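Here is a short briefing on one protein model. Look over the sequence and the fold before reading on.

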Amino acid sequence: MEITVDAESKEFWDGIAAGELRIQRCEACDQAVFYPRALCTHCHSDRLVWTVAKGLGTVYSYTVAHRGFGEFAAQAPFTVALVDLDEGARMLTRIVGGTVSIGDRVQLEITRLDADSPELPCFAPVA
């Protein structure tokens, strides 16, 4: 898997490399924004600043993929979830280290999904 880093996502990926989950917050409307972008999805302002998230959230929804294709075939079954971060943004992510249900608390776990994978922001159940 290869990650394409551009001007909008560089700060995010630099954060992952540093062990942090960085998200944007809009200075105009104070809403959290994820994924990295140039304009706020709530008010369309360009006044986005980077903040470090706590790395905690709640599972909004999830699915278990029992079949994967291409480079993901060997990883099946795996869980993909929508996680509502405590800061207010919703993030699509992989669940590692256990199973989850809707409403479960999860925490950031930066990990490699396989030997060829870059470090990715995944989430694991809170113990």
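This is a predicted model: local features need pLDDT of at least 70, side-chain atom pairs count only at pLDDT 80 or more; totals for chains, interfaces and linings use all residues.

Residues are numbered from 1 along each chain as its sequence is written, and side-chain values use heavy atoms, with hydrogens and water left out. Helices (H or I, at least four residues) and strands (E, at least two) are DSSP runs, numbered from the N terminus.

**Open sheet**
- An open sheet is formed by 3 strands, in the order β2-β1-β3, with antiparallel pairing.
- β2 (32-33) and β3 (48-53) are at the edges; each has a single partner strand, so one side of each lacks a neighbour in the sheet.
- Strands count as paired if DSSP finds at least two bridges between them.
- β1 (residues 21-26) pairs with β2 in the antiparallel sense over 2 bridges.
- R25 stands opposite A32 in β2.

**Helix on the sheet**
- Helix α1 (residues 10-17) lies across β1 and β3.
- The helix runs at about 145° to β1; axes are lines fitted to C-alpha atoms, for helices over the stretch in contact, and angles run from 0 to 180 degrees between N-to-C directions.

**R37, a buried charge**
- R37 sits in the loop between β2 and β3.
- R37 is buried (under 20% relative accessible area, 1.4 Å probe, protein chains only).
- R37 has no salt bridge (a side-chain nitrogen of Lys or Arg within 4 Å of a carboxyl oxygen of Asp or Glu).
- The nearest side chain of opposite charge is E8, 7.3 Å away; Lys and Arg count as positive, Asp and Glu as negative, and His and the chain ends are not counted.
- The R37 side chain reaches the backbone oxygen of F34 at 3.5 Å.
- Leaving out residues up to four places away in sequence, R37 touches E8, Q24 and L48 (contact means heavy atoms within 4.5 Å).

**K54, an exposed charge**
- K54 lies in the loop between β3 and β4 (56-65).
- K54 is exposed, at 59% relative accessible area (the cut-off is over 50%).
- K54 touches D86 and E87, again not counting residues up to four places away in sequence.
- The C-alpha atoms of K54 and R22 are separated by 9.1 Å, with the two residues 32 apart along the chain.

**β5-β6 hairpin**
- β5 (residues 78-85) and β6 (residues 90-95) pair in the antiparallel sense over 6 bridges.
- L82 stands opposite L92 in β6.
- The two strands form a hairpin with 4 residues between them.
- G88, in the turn, has a positive phi of about 115°.

Conventions
A polar contact is a pair of N or O atoms within 3.5 Å; within protein, one must be able to donate a hydrogen and the other to accept it, and residues adjacent in sequence count only if both atoms are side-chain atoms.
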